[in-house]
Amino acid sequence: MDVNTVVERVAGLLLDPERVKYGEAEMLAGLRLALGELSLRAGEAYLLTGLDGAMETTLPETLETLLVIGAAGYTALARAGARADWELQDEGEFQRLQTWAEGRLEDFRKVMRSLYPAHVPRVHGQYRSQAPWAAWHGTLGEEEEGSA
């Protein structure tokens with residue numbers, strides 16, 4: 001599994017296998033967002049060969065379809081946002097695209113929640129509800145009461 005395989009599958013789910021409506025840059029942006037969200041939820045940084053210079057894939061094959069669904073949702077949502085103010089679009093096109101994209105992202109997150117519940121310990125014993133970089137130490141130059 002590499003970035004090209006996943007992009008092909010995303011294009012297929014978007015019903016655009018020839019990539020007429022959705023450019024590769026749009027799909028890669030959606031893929032990065034989905035992979036990042038999945039990595040955060042799982043508590044480990046997943047890589048995909050060929051994406052941003054990664055030389056190997058660390059994403060389990062069992063999560064490939066989930067990644068495709070999330071990437072398609074993000075890609076379609078970006079397109080819906082970009083088209084929101086177009087005057088020459090069919091009536092309701094923006095709403096249909098936005099609804100479809102939000103549905104895919106809801107499916108993506110629902111499966112992630114079932115695979116990686118928030119109450120299960122993740123990275124180095126931290127709980128998923130706290131990102132590894134969010135720990136705050138020290139007073140940041142502020143004096144504690146009574147120590148001045």
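Let's start with Y46. Setting aside neighbours within four places in sequence, Y46 is in contact with L35, L38, S39, T58, L59, P60, L63 and Y116. Keep in mind that what you're looking at is a predicted model.

Y46 also turns up in the largest nonpolar core, which has 33 residues. Along with V10, L31, L38, L48 and L67, Y46 is one of the members that touch the most other members. Each of α1 (3-13), α2 (24-42), α3 and α4 supplies at least two residues of this core. The largest share comes from α3, with eight residues.

**The overall layout**

Stepping back, the protein chain has four helices and zero strands. Follow the sequence along and you get the pattern α-α-α-α. Of the 148 residues in the protein chain, 33% are buried. If you take the contacts between residues at least 6 apart in sequence, 62% of them join residues at least 24 apart.

S39 was among the contacts of Y46, and S39 itself sits in helix α2. S39 counts as buried because its relative accessibility is 11%, and the cut-off for buried is under 20%. Not counting residues up to four places away in sequence, S39 touches E44, A45 and Y46.

That brings us to A45, which lies in the loop between α2 and α3. Is A45 buried or exposed? A45 is exposed, since its relative accessible area is 62% and exposed means over 50%. Beyond its neighbours within four places in sequence, A45 is in contact with S39 and T58. A45 and T58 are 13 residues apart along the chain, and their C-alpha atoms are separated by 8.2 Å.

G43 has its place in the loop between α2 and α3 too. At 24% relative accessibility, G43 counts as partly exposed. G43 and Y116 are 73 residues apart along the chain, yet 8.9 Å separates their C-alpha atoms.

**Two positive phi angles**

Now move to the loop between α1 and α2, which is where you'll find L15. Phi of L15 is near 55°, a positive value in a residue other than glycine. R19 has its place in the loop between α1 and α2 as well. R19 isn't a glycine either, and its phi is positive at about 60°. L15 counts as exposed, at 73% relative accessibility, while R19 is partly exposed, with a relative accessible area of 29%.

**A buried threonine**

T75 is found in helix α3. Why does T75 count as buried? Its relative accessibility is 1%, and buried means under 20%, so T75 falls in that class. Leaving out residues up to four places away in sequence, T75 touches V10, L14, Y22, E26, M27 and G30.

Here are the residues we've met with their accessibility side by side:

| Residue | Relative accessibility | Class |
|---|---|---|
| T75 | 1% | buried |
| S39 | 11% | buried |
| G43 | 24% | partly exposed |
| R19 | 29% | partly exposed |
| A45 | 62% | exposed |
| L15 | 73% | exposed |

**The largest pocket**

Eleven residues line the pocket, and the closest to its centre are L14, K21, Y22, L97 and W100. The elements giving two or more residues to this lining are α3 (64-83) and α4 (93-115). By type, the lining divides into seven nonpolar residues, no polar ones and four charged ones.

**How confident is the prediction?**

The protein chain averages a pLDDT of 81, and 74% of the residues score at least 70. Among the helices, which has the lowest confidence and which the highest? Confidence is lowest in α3, at a mean of 89, and highest in α2, at 93. Residues 124-134 are another matter, with a pLDDT below 50. Beyond near neighbours in sequence, this stretch has 15 contacts in the model.

Conventions. Residues numbered from 1 in each chain as written. Predicted model: local features only at pLDDT ≥ 70, side-chain atom pairs only at ≥ 80, totals over all residues. Heavy atoms only, no water. 1 Å grid on protein atoms, 1.4 Å probe; cavity = no way out; pocket = protein on both sides within 12 Å on 5 of 7 lines; lining within 4 Å. Nonpolar A, V, L, I, M, F, W, Y, C, P; charged D, E, K, R; others polar. Core = buried A, V, L, I, M, F, W, Y, C linked by side-chain atoms within 4.5 Å. Buried < 20%, exposed > 50% of the residue type's maximum accessible area, 1.4 Å probe, protein only. Contact = heavy atoms within 4.5 Å. pLDDT = per-residue confidence, 0-100.
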